[in-house]
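Here is a short note for a colleague who is new to reading structures. Please keep the sequence and the model open while going through the points.

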Amino acid sequence: PPLLLALDEVHNIARLPRLPEYISTGRGSGLWIVWGAQSRAAMREIWGQQGEGTIWQGTPAVAWFGSSKESDELQDLERLGGEVEETYWVRRPQGRDTYPRQQERRLVKATPVDYLRELPEGRVVLYHRGVPPVELRAPDWSQRRELAGAMRQSLSGFRARTGLDLR
């Protein structure tokens, strides 16, 4: 039967030695892995350059929450986002005192480095193979009335059972 592993802080908490192997071969066996990490550099410390590369290449979707200062990582995401065509208007002189508006097009980066670095709180850029990246709203769960009560109750139960405080 299928198995889902949801691993947050994969480099700190879920240090599975064979994680690169599981990610590269697991989907064909019904193993789905969703992981979160602070940075790719932190993953390289645990699994090395090759292991981190295997994890990155074997992950079909990436959700970027921003706030990284790693320029290599940001440049990789910029390249991953590709380019989109942008339409804009210009006024050019055409004869004496005549400046008609003209529509022009140009290619621009879909997710430039500065945009990724300064992504506002509550925003996520989702990358998935074969489709352009999209920006999504990801509101804090505690601000959502329909979830807040159930989440607080669940966290309270977790604290009572384990003694761990996840705040």
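**Notes on pockets and charged side chains**

1. The largest pocket of this predicted model holds about 1500 Å³ of space. It is lined by 44 residues, and those closest to its centre are D8, W35, G36, A63 and F65. As background, empty space is located by rolling a probe the size of a water molecule over the atoms.

2. Which elements give two or more residues to that lining? They are the strands β1 (3–7), β2 (31–35), β3 (61–64) and β6 (123–128), together with the helices α1 (19–25), α2 (40–57) and α3 (71–81). The element that gives the most is β2, with five residues.

3. By residue type, the lining of the largest pocket contains 25 nonpolar, 10 polar and nine charged residues.

4. The second largest pocket has a volume of about 220 Å³. There are 14 residues in its lining, and P60, L80, Y127, H128 and R129 are the closest to its centre. At least two lining residues come from each of α2, α3, β6 and β7 (131–137). Here β7 gives the most, with three residues. The lining of the second largest pocket divides into eight nonpolar residues, five polar and one charged.

5. Turning to charge, side chains of opposite charge can pair when their charged atoms come close. How many salt bridges does a search of the whole structure find? The search finds 10.

6. One of the salt bridges joins R18 and E21, with 2.9 Å between the closest N and O atoms.

7. R44 has a relative accessibility of 28%, so it counts as partly exposed.

8. R123 and E135 form another salt bridge, and their closest N and O atoms are 3.5 Å apart. Where do the partners sit in the chain? R123 is in strand β6 and E135 is in strand β7, so the pair links distant parts of the chain, 12 residues apart. Both ends are partly exposed: R123 has a relative accessibility of 31%, and E135 has a relative accessible area of 35%.

9. Some salt bridges share partners, and in this way R40, R44, E52, E70, D76 and R79 are joined into one network.

10. The last point concerns aromatic rings. The structure holds zero aromatic pairs. Two rings do have an arginine over the face. R106 lies over the face of Y88, at 4.1 Å from the ring centre.

Technical notes:
Residues numbered from 1 in each chain as written. Predicted model: local features only at pLDDT ≥ 70, side-chain atom pairs only at ≥ 80, totals over all residues. Heavy atoms only, no water. 1 Å grid on protein atoms, 1.4 Å probe; cavity = no way out; pocket = protein on both sides within 12 Å on 5 of 7 lines; lining within 4 Å. Points joined across faces, edges and corners; volume = space filled by probe spheres on them. Helix = DSSP H or I, 4+ residues; strand = E, 2+ residues; numbered from the N terminus. Nonpolar A, V, L, I, M, F, W, Y, C, P; charged D, E, K, R; others polar. Salt bridge = Lys/Arg side-chain N within 4 Å of Asp/Glu carboxyl O. Buried < 20%, exposed > 50% of the residue type's maximum accessible area, 1.4 Å probe, protein only. Phe/Tyr/Trp six-rings, centres within 6.5 Å; stacked < 30°, edge-to-face > 60°. Lys NZ or Arg CZ within 6 Å of the ring centre and 35° of its normal.
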